[in-house]
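Here is a short briefing for a first look. Please have the sequence and the structure open as you read.

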Amino acid sequence: MDVFEYFKYAKRKGLTYDVIILDPPSFARNKKQTFSVAKDYHKLISQSLEILNPGGVIIASTNAANVSRQKFTEQIDKGFAGRSYQILNQYGLPADFAYNKKDESSNYLKVISMKVSK
């Protein structure tokens with residue numbers, strides 16, 4: 001099921017969660033829409049907030065090399081639309097993965113866990 005369809009279904013059925021993990025493909029297309037982490041990640045955040053329990057945790061992840069950590073954080077902030085959250089942890093590639101320190105796109109993995117304020 002398309003995640004955006006699932007969000008609608010969960011909301012209709014009154015389903016809520018303590019933890020939501022968001023790890024979409026960098027780019028996807030279906031019959032109805034196109035999804036790009038660079039342009040649309042904020043929609044995942046905002047719609048997941050509608051089914052997250054108060055004080056819940058969102059783990060946001062992407063391996064999109066074309067999205068910098070700053071751009072990823074901006075998408076997250078846009079999705080929260082002014083709601084408060086606390087960053088619990090931030091991760092990138094593990095130490096045993098070599099990447100070019102002069103080329104930020106080679107450090108493609110970005111994972112941020114956040115606790116949403118009640």
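Methionine 1 is exposed, at 75% relative accessible area (exposed means over 50%, buried under 20%, partly exposed in between, with a 1.4 Å probe and protein chains only). This is a predicted model, where local features need pLDDT of at least 70, side-chain atom pairs count only at pLDDT 80 or more, and totals for chains, interfaces and linings use all residues. Residues are numbered from 1 along each chain as its sequence is written, and side-chain values use heavy atoms, leaving out hydrogens and water.

The start of the chain
- Methionine 1 sits in the segment before helix H1 (3–13); helices are DSSP runs of H or I with at least four residues, strands are runs of E with at least two, and both are numbered from the N terminus.
- A side-chain oxygen of aspartate 2 comes within 2.9 Å of the backbone nitrogen of phenylalanine 4, at the start of H1.

The two sides of H1
- Phe4, Phe7 and Ala10 are buried in H1.
- They lie on the same side of H1, because they cover an arc of only 120° around the axis (the arc is that of the directions from the helix axis to the C-beta atoms).
- Their cover includes strand E1 (17–22), strand E3 (34–36) and helix H2 (37–49).
- Arg12 and Lys13 are exposed on the other side of H1.
- Glycine 14 follows H1, and its phi is positive, near 75°.

Histidine 42
- Histidine 42 is part of helix H2.
- Histidine 42 counts as buried, at 14% relative accessibility.
- Leaving aside neighbours within four places in sequence, histidine 42 is in contact with Gln75, Lys78 and Gly79 (contact means heavy atoms within 4.5 Å).

Conventions
Polar contact = N/O pair within 3.5 Å; in protein donor to acceptor, adjacent residues only side chain to side chain.
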